Amino acid sequence: PVGPGLSPSSDPTLTADLPRDEVLRGWKTYRNEEYGFEVKYPSTMKFEEYNSMHSVMFSPTGYEVYGIFPEITIFENKTINAHIPSILDTINKDSAYRSMNFRLSNIVDYNLDGKSGKKVSFISSDSVVFTYVLVEKDLKLYEFFVQELPEENSTYADILSTFKFIK
């Protein structure tokens, strides 16, 4: 079944040898009119919306594991400078993160669809990387989050590269 904002497409064969346009040709599009954005994702993935959290998560079809796949969350009336300390606080105080010895890896400038933002990365003692991309638009903070394991060949950057504001 195809969810809201999606159109059916065939599964692409994702290989590093294919040109980017050819790889993206088989991807689906998630579009959210309320929050004014769209993003493409592999047809081998599904999305779940969490309206109460203003969030959408993308995960491989058949997986029921949460927290390790790309997620987009929209916060009303919040700024990047106000949000980064809350992320740092969560990483430092949450026992699950502390047990994995997460530390701040870097904070760098990031541009997403013409909007300036920040990319914040954390790394654990086991080389697990948490990455947040934060961009503000129209009194909303768009937070993109993914957990990446070192052996994964993540498509997170490809998904993020397709993000577009639509209003």
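1. Glu33 sits in the loop that links strands E1 and E2; helices (H or I, at least four residues) and strands (E, at least two) are DSSP runs, numbered from the N terminus. Glu33 is partly exposed, because its relative accessible area is 49%; buried means under 20% relative accessible area, exposed over 50%, and partly exposed in between (1.4 Å probe, protein chains only). Leaving aside neighbours within four places in sequence, Glu33 is in contact with Ile166 and Lys167, where contact means heavy atoms within 4.5 Å. The C-alpha atoms of Glu33 and Ile166 are separated by 7.7 Å, although the two residues are 133 apart along the chain.

2. On the basis of the model: this is a predicted model, in which local features need pLDDT of at least 70 and side-chain atom pairs count only at pLDDT 80 or more, while totals for chains, interfaces and linings use all residues. Residues are numbered from 1 along each chain as its sequence is written, and side-chain values use heavy atoms, with hydrogens and water left out.

3. The protein chain has four helices and 10 strands. Along the sequence, their pattern is α-β-β-β-β-β-α-α-β-β-β-β-α-β. Of the 167 residues in the protein chain, 40% are buried. Among contacts in the protein chain with a separation of 6 or more, 42% are between residues 24 or more positions apart.

4. Two strands pair if DSSP finds at least two bridges between them. E1 and strand E2 (residues 37–41) run antiparallel and are joined by five bridges. Lys28 has Tyr41 in E2 as its bridge partner.

5. Thr44 counts as partly exposed because its relative accessibility is 38%. Thr44 and Gly26 are 18 residues apart along the chain, and their C-alpha atoms are separated by 9.8 Å.

6. Strand E6 (residues 103–112) and E7 run antiparallel, joined by nine bridges. Arg103 has Ile123 in E7 as its bridge partner, and Asp109 has Lys118 in E7. The hairpin of E6 and E7 has two residues between the strands, and Asp113 in this hairpin takes a positive phi near 50 degrees.

7. E7 also runs antiparallel to E8, with seven bridges joining the two. Here Gly117 stands opposite Val135 in E8. The hairpin of E7 and E8 has five residues between the strands, and Ser127 there takes a positive phi near 65 degrees.

8. Not counting residues up to four places away in sequence, Ser121 touches Arg103, Leu104, Ser105, Asn106, Phe130 and Thr131.

9. The largest nonpolar core has 25 residues, and Phe37, Phe58 and Phe144 have the most contacts inside it. A nonpolar core is a set of buried Ala, Val, Leu, Ile, Met, Phe, Trp, Tyr and Cys residues joined through side-chain atoms within 4.5 Å. Elements that give two or more residues to this core include helix H1 (20–25), strand E4 (55–60), strand E9 (140–148) and helix H4 (156–161). A second, separate core has 14 residues, among them Ile87, Val120, Phe122 and Leu134.

10. The structure holds one cavity of 30 Å³ or more. A cavity is a set of points, on a 1 Å grid over the protein atoms alone, where a 1.4 Å probe fits but cannot get out; lining residues have an atom within 4 Å of a point. The space in the largest cavity is about 40 Å³, a volume being the space filled by probe spheres set on the points, with grid points joined across faces, edges and corners.

11. The lining of the largest cavity includes Val39, Phe58, Glu71, Phe144 and Tyr156. E5 and H4 are the elements that give two or more residues to this lining, and H4 gives the most, with three residues. The lining residues divide into eight nonpolar, no polar and one charged; Ala, Val, Leu, Ile, Met, Phe, Trp, Tyr, Cys and Pro count as nonpolar, Asp, Glu, Lys and Arg as charged, and the others, Gly among them, as polar.

Key. 1 Å grid on protein atoms, 1.4 Å probe; cavity = no way out; pocket = protein on both sides within 12 Å on 5 of 7 lines; lining within 4 Å.
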